[in-house]
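Q: I have a new structure open and I'd like to learn how to read it. Could you walk me through a few features?

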Amino acid sequence: MLRFDATNAECLVFTYKEGLLSGVAHDLKLGVTRFSVELDEERLSLTAEFDTRSLRVVSAMRDGQAMPSLLGASDRQKIEQNILDDVLDAEKFPQASFVSTEIKKLPEGERFLVRGRLTLHGRTKELEVTTQLANGRQTAEVTLHQPDFGIRPYSAMLGTLRIRPNITVCLRLPFAAPASPAAHP
């Protein structure tokens, strides 16, 4: 059984702005700072728990590039509080979880098809994601439609500034390729 957490893996959430006043807002890169992932290689199964109260602003984003200097400490704190209180209702729904129903190695490269159930904000939905090997990490990236989980995307200033309903979640786990079989003389 392999175990991962924020000390050796990474879980990021990307949000995207829209609306008439979107020019004064930022796309965001958020990090989940408390989570655990267990991968059973023999059974090809995966379970994961994510503490929704541990979401933190990593940086503002512009044209896909991190721009950490765009947000001050008070901006970060206000954004985090809005996410926890107004979007995720993290006190009522402190955990998100994922349980795989199928993991299948794909024929090309070190890629896997992962199917399972994500429970977020009190609702469970089926997910399917194909992982990619990049920079020594197996990366799963999935788009979530917040309303599917009963989450109302953040909105301010009478809706002239809002977050798009679709967000991107990226989970990166360390990956060591299986050792090749020893050559027989």
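A: Happy to. Keep in mind that this is a predicted model. Let's begin on the surface, where Asp 85, Asp 86, Asp 89 and Glu 91 gather in a patch of negative charge.

Q: Where is Asp 89 found?

A: Asp 89 sits in the loop between helix H1 (73-87) and strand E9 (95-105).

Q: Is Asp 89 exposed or partly exposed?

A: The idea is to look at relative accessible area: buried means under 20%, exposed means over 50%, and partly exposed is in between. Asp 89 has a relative accessible area of 32%, so Asp 89 is partly exposed.

Q: Let's zoom out. How many strands does the protein chain have?

A: The protein chain has 16 strands, along with one helix. Of its 185 residues, 41% count as buried. As for the surface, the protein chain exposes about 11,000 Å², and carbon and sulfur atoms supply 52% of that.

Q: Which residues does Leu 46 touch?

A: Leaving out residues up to four places away in sequence, Leu 46 touches Val 37, Glu 38, Leu 39, Phe 98, Val 99, Ser 100, Ile 103 and Leu 173. Leu 46 itself is found in strand E6 (residues 45-51).

Q: Is Leu 46 buried or exposed?

A: Buried: the relative accessible area of Leu 46 is 12%, and the cut-off for buried is under 20%.

Q: Now for charges. How many salt bridges are there?

A: The general idea is that side chains of opposite charge can pair when their charged atoms come close. Here, taking a side-chain nitrogen of Lys or Arg within 4 Å of a carboxyl oxygen of Asp or Glu, the count comes to nine salt bridges. In one of them, Glu 10 pairs with Arg 172, and the closest N and O atoms are 2.8 Å apart. This pair links distant parts of the chain, 162 residues apart: Glu 10 is in strand E2 (residues 10-15) and Arg 172 is in strand E16 (residues 166-174).

Q: Are Glu 10 and Arg 172 buried or partly exposed?

A: Glu 10 is partly exposed at a relative accessible area of 31%. Arg 172 is also partly exposed, with 25%.

Q: Which side chain meets Arg 34 in a salt bridge?

A: That is Asp 51, with a distance of 2.9 Å from N to O. Arg 34 lies in the loop between strand E4 (27-32) and strand E5 (35-40), while Asp 51 lies in strand E6, so the pair ties together parts that are 17 residues apart in sequence. Check the accessibility too: Arg 34 counts as partly exposed at 41%, but Asp 51 counts as buried at 8%.

Q: What is the picture for Arg 117 and Glu 126?

A: Arg 117 and Glu 126 form a salt bridge, and their closest N and O atoms are 3.0 Å apart. Arg 117 is partly exposed, with a relative accessible area of 42%, whereas Glu 126 is exposed, with 53%.

Q: Which residues are joined into one network?

A: Salt bridges that share partners join Arg 34, Asp 51 and Arg 53 into one network.

Definitions and conventions. Residues are numbered from 1 along each chain as its sequence is written. This is a predicted model: local features need pLDDT of at least 70, side-chain atom pairs count only at pLDDT 80 or more; totals for chains, interfaces and linings use all residues. Side-chain values use heavy atoms; hydrogens and water are left out. Patches are made of residues with over 30% relative accessible area and no salt bridge: like charges are joined within 9 Å, nonpolar side chains (Val, Leu, Ile, Met, Phe, Trp, Tyr) within 5 Å. Accessible areas come from the Shrake-Rupley method with a 1.4 Å probe; for residues, only the protein chains shown count as cover. Lys and Arg count as positive and Asp and Glu as negative; His and the chain ends are not counted. The place of a charge is taken as NZ of Lys, CZ of Arg, CG of Asp or CD of Glu. Helices (H or I, at least four residues) and strands (E, at least two) are DSSP runs, numbered from the N terminus. Buried means under 20% relative accessible area, exposed over 50%, partly exposed in between (1.4 Å probe, protein chains only). Contact means heavy atoms within 4.5 Å.
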